[in-house]
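Okay, thanks for making time, everyone. Let me put the model up and walk you through the sheet.

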Amino acid sequence: MKSLEDLKKLRESAQQIMRLREGGESIRIVMGMGTCGIAAGARETLAAIMEELQAHNLHDVIVTQTGCAGLCDKEPLVDVIWPGQPRISYGNVDAERARQIVLQHVKNKQVVEEWVIRR
């Protein structure tokens, strides 16, 4: 950081990321972060989700984490929950799939059927 302006930009970016993780009104994304999920790459998947939400200014999304769901062979797991709709669970979600899920399901309301493991 070389200036006060750089510090302000960093602060705004950090605040925006915190809003994505804590606040929101309509859509929820739940990331499986049990040890099996982390071993399968859940941290990278979560980072990709956060980056994609921020890149598309999707601030009305709550991103939370959960522990093991008992589907270790399908990790990393990502659930997308629209109000009034059934929970959609995606399996084997790497960073690239996570970006596509955010674009297609979260932003455009189109379920990515080929990756759904349960409703």
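A quick word on names: helices (H or I, at least four residues) and strands (E, at least two) are DSSP runs, numbered from the N terminus. And when I say two strands pair, DSSP finds at least two bridges between them.

Some housekeeping before I go on. This is a predicted model, where local features need pLDDT of at least 70 and side-chain atom pairs count only at pLDDT 80 or more, while totals for chains, interfaces and linings use all residues. Residues are numbered from 1 along each chain as its sequence is written, and side-chain values use heavy atoms, with hydrogens and water left out.

Back to Ser89, which belongs to strand β4, residues 88-90. Is Ser89 buried or exposed? Its relative accessibility is 1%, so Ser89 counts as buried. The cut-offs there: buried is under 20% relative accessible area, exposed is over 50%, and partly exposed is in between, using a 1.4 Å probe and protein chains only.

And what does the Ser89 side chain make a polar contact with? The side chain of Asp79, at 2.6 Å. By polar contact I mean a pair of N or O atoms within 3.5 Å; within protein, one must be able to donate a hydrogen and the other to accept it, and residues adjacent in sequence count only if both atoms are side-chain atoms. Leaving out residues up to four places away in sequence, Ser89 touches Val78, Asp79, Trp115, Val116, Ile117 and Arg118, where contact means heavy atoms within 4.5 Å.

Now zoom out to the sheet. We've got an open sheet of 5 strands in the order β2-β1-β3-β4-β5, with mixed pairing. At the edges are β2 (61-66) and β5 (116-118), each with a single partner strand, so one side of each has no neighbour in the sheet. From one strand to the next, the twist averages 30 degrees. Axes here are lines fitted to C-alpha atoms, for helices over the stretch in contact, and angles run from 0 to 180 degrees between N-to-C directions.

Look at β3, residues 78-81: β3 pairs with β4 in the antiparallel sense over 3 bridges, and Val80 has Ile88 as its bridge partner in β4. With β1, β3 also runs antiparallel, joined by 4 bridges, and there Met31 is partnered with Val78. Both faces of β3 are covered, with Val78 and Val80 buried on one side and Asp79 and Ile81 buried on the other. Helix α3 (residues 42-55) lies across β1 (27-32), β2 and β3, running at about 160 degrees to β1.

Glu75 and Pro76 are joined by a cis peptide bond, omega about -5 degrees, and Pro76 is in the loop between β2 and β3. In the β3 and β4 hairpin, with 6 residues between the strands, Gly84 takes a positive phi near 80 degrees. Asn92 isn't a glycine, yet its phi is positive, near 55 degrees; Asn92 is in the loop between β4 and α4 (95-107). Lys109 also has a positive phi, about 60 degrees, without being a glycine, and is found in the loop between α4 and β5. On accessibility, Asn92 is partly exposed at 36%, and Lys109 is exposed at 60%.
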